[in-house]
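Open the model in your viewer and keep the selection tool at hand. This tour goes stop by stop.

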Amino acid sequence: MDGEKKKKFYIHTFGCQMNFHDSEKIAGLLSEKGFSEAPDGEGADLVIFNTCSIREKADQKFLSELGRIRKLKRQKPGLRIAVAGCVAQQMGQELLKKAPYVDYIIGPQNLHALMGISPVRTTEDMPRLSIAENPELASMELPAARKKKPFAWVSIMYGCDNFCTYCIVPHTRGREVCRPWESIRREAEGLAAEGFKEITFLGQNVNSYRSGELDFPGLLEQADLIDGIERIRFVTSHPRDLSEGLIRAIGTLGKLCEHIHLPLQSGSDTILARMNRRYSFADYRDKIEKLRRQAPGIAITTDIIAGFPGETDNDHEATMDALKEIEYDGIFAFIYSPRPGTAASIFEGQVPDSIRKRRLNEILALQNDITARKNMSLVGTVQEVMIEGQSEKNAARLSGRTRTNKIVNFDPCPDSRKRIEKSAPGKVVNLKIIRAGLHSLDGRFFTEDGI
Ligand code: 5AD
Ligand code: SF4
C-alpha cells in the first residue's frame, strides 16, 4: 500500500546561488521520477541535504543537521537520506563510514544519478556513492523546478580552473566546463515562453565562458536578443577575465543590468599573489574605472577575506584603503577559513582567530558607512524597479529590485484602477526613492508618472 502512495522529498540547501539552483534541478529530477515535494519537510520519505563547504561554518551547520535527522530515521526507518553538494564530493566514502545511515552521496557533478532513484526502494535503486569526475555535465539538460518566478537562474558553466589558494571549489566542483550556447538558448527561450522576465547566468567564473567561437560578451549579446526576457544578470566574475568586450557589453546592451559582483578578496598585492588571484590592485582599479566610464551609476559589489595567512596590519590597511577608494555598493566579507586540501591551509603565518575577527569587524564597520552613504545618495531619484512580490517584513507592501540590484520596498499603487497591474511580479515600475537604509530602499509611486 505504502509503495503506491506518492513519495515525498524535502531539500535543505546550504550555501551559494549555485547550490540553490542545483536544488531546483534536484527537485525537477525527483518530480520526473514521481516524487512530490513536502515544502516544510512534513511527512518526507526522502531528505536531501545540499551542502556547502566553502567555509568551516557551513560545514558545521550541515553536520549538526545530519545528527538531528539520524534521530528522525530511528523513528521512521523507511526514511531515506541523501547528501548532495560540496561536502558530499569532498567527504565521499568517508561520510558513508562516519554516517552509515546516509543512503546516497551525490557530488555536484553527478546530480543526474538521481535519474536512477526508485520512488520505492528496490534492488534496482541508484548507487549509494556518485562522486566521479563528470565533464559531461555541460551537455546535460537537467529539468529545474523553479519557484522564484519571474526570476530564473541558468547555468552556463560548471567548475573552476583558477585554484585560488584558499578555495575548495575547484576540488569539489571539478574542472571548468562550458555549456554549449544552443542548449543555453533553448532553456532561456523556454523560460521566456513560461513568463520568466529576468535571467541570471550562473557560473563559478562566468566571464571566462567560451564555447567554440562564442565568448562571454558574445553570449550576452545573443541573450539580449531573446524576446520576453527583460533583464539579464550574471554571477560570479573573476577580475582577471573582465575583458574590454565585457565592459563594452555592460555599457551598451539594454537588458544587461548595471551591476557587477567582482570579488577583490584583498587590497594588498602581496596577499593577492599568495592567493593566486593573478591581478594587482592597480589592474583591478583600472577595470573599475573603465566600468564606471562605460556605465555611469553601475553598482559594484565584492567579496573580501579577512586574515588570510601571512596578512599583516599593513596588508589589512591596504584592504581598508581599497574599500575607501572604490566605494562599493555592498560587500560580503568573510573570516579566512582553512579548507582541507587547499594550498593556503598549510601556508605559514596563519593569523590568530582574534585578529581575523577584529579585522573583519573593521571591514564591516567601514563598509556599512559607505553603503549607507551610497544608498542615501539615491533618495530623490527615480528608479526602474522590477516587482518580486510581497515585502518580506510587511505583507501589505511590495518589494522589488532596481537594475543595480538594490531592494526597494513600497506601498501598492494609490490609483486603485492601476493597482493590480502595478503589483504583478515581473512588472517594471518607476518609483521615487524616499528613504534609504543599509539593506534596502523605500520607494513610492509619484504623480509625474500619471498617478
Ligand atoms: N575562507 C574564507 N572565505 C572564503 N571564500 C572562499 N573560500 C574561502 C575561505 N577558505 C570566499 C571568497 C569567495 C566567496 C564565495 O567566499 O571571498 O569569493
Ligand atoms: Fe574559488 Fe577562485 Fe574559482 Fe572563485 S575563482 S571558485 S574563489 S578558485
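Select Asp 303 first. An N or O atom in the Asp 303 side chain sits 2.6 Å from an oxygen atom of ligand 1. Keep in mind that this is a predicted model. How much of the accessible area of ligand 1 does the protein cover? Of the 400 Å² that ligand 1 has on its own, the protein covers 87%.

One of its polar side-chain atoms is 2.9 Å from an oxygen atom of the ligand.

Next, show the whole shell. Select Ile 54, Arg 55, Tyr 166, Gln 265, Asp 303, Ile 305, Phe 334, Ile 335, Tyr 336, Ser 337 and Arg 339 around ligand 1. By class, 6 are nonpolar, 2 polar and 3 charged. Two strands to colour are β15 (299–306) and β16 (330–335), each of which supplies at least two residues of this shell.

Move to ligand 2. Its surroundings include Cys 160, Cys 164 and Cys 167. Also select Asn 162, Phe 163, Tyr 166, Val 169, Pro 170, Gln 204, His 238 and Arg 277, which are part of the shell too. Tyr 166 is listed around ligand 1 and around ligand 2. The shell of ligand 2 divides into 7 nonpolar, 3 polar and 1 charged.

Now for salt bridges. The whole structure has 36. Select Asp 22 and Arg 173: their side chains form one, at 3.1 Å from N to O. This pair links distant parts of the chain, 151 residues apart. Asp 22 is in helix α1 (residues 17–32), while Arg 173 is in the loop between α5 (169–172) and β9 (177–178). Are these two buried or exposed? Asp 22 counts as buried because its relative accessibility is 6%. Arg 173, at 8%, is buried as well.

Go to helix α2 (residues 56–75) and pick Glu 65 and Arg 68. Their side chains meet in a salt bridge of 3.6 Å, N to O. The two are 3 residues apart, so about one helical turn separates them. Arg 68 is exposed, at 56% relative accessible area.

Then select Glu 421 and Lys 427. The closest N and O atoms of this salt bridge are 2.9 Å apart. Glu 421 is partly exposed at 44%, and Lys 427 is partly exposed at 28%.

For the last stop, select Glu 311, Asp 313, Arg 358, Arg 359 and Glu 362. Salt bridges with shared partners join these residues into one network.

Technical notes: Residues numbered from 1 in each chain as written. Chains lettered and ligands numbered in written order. Predicted model: local features only at pLDDT ≥ 70, side-chain atom pairs only at ≥ 80, totals over all residues. Heavy atoms only, no water. Near = heavy atom within 4 Å. Nonpolar A, V, L, I, M, F, W, Y, C, P; charged D, E, K, R; others polar. Polar contact = N/O pair within 3.5 Å; in protein donor to acceptor, adjacent residues only side chain to side chain. Areas by Shrake-Rupley, 256 points an atom, 1.4 Å probe, with all protein chains shown as cover. Helix = DSSP H or I, 4+ residues; strand = E, 2+ residues; numbered from the N terminus. Salt bridge = Lys/Arg side-chain N within 4 Å of Asp/Glu carboxyl O. Buried < 20%, exposed > 50% of the residue type's maximum accessible area, 1.4 Å probe, protein only.
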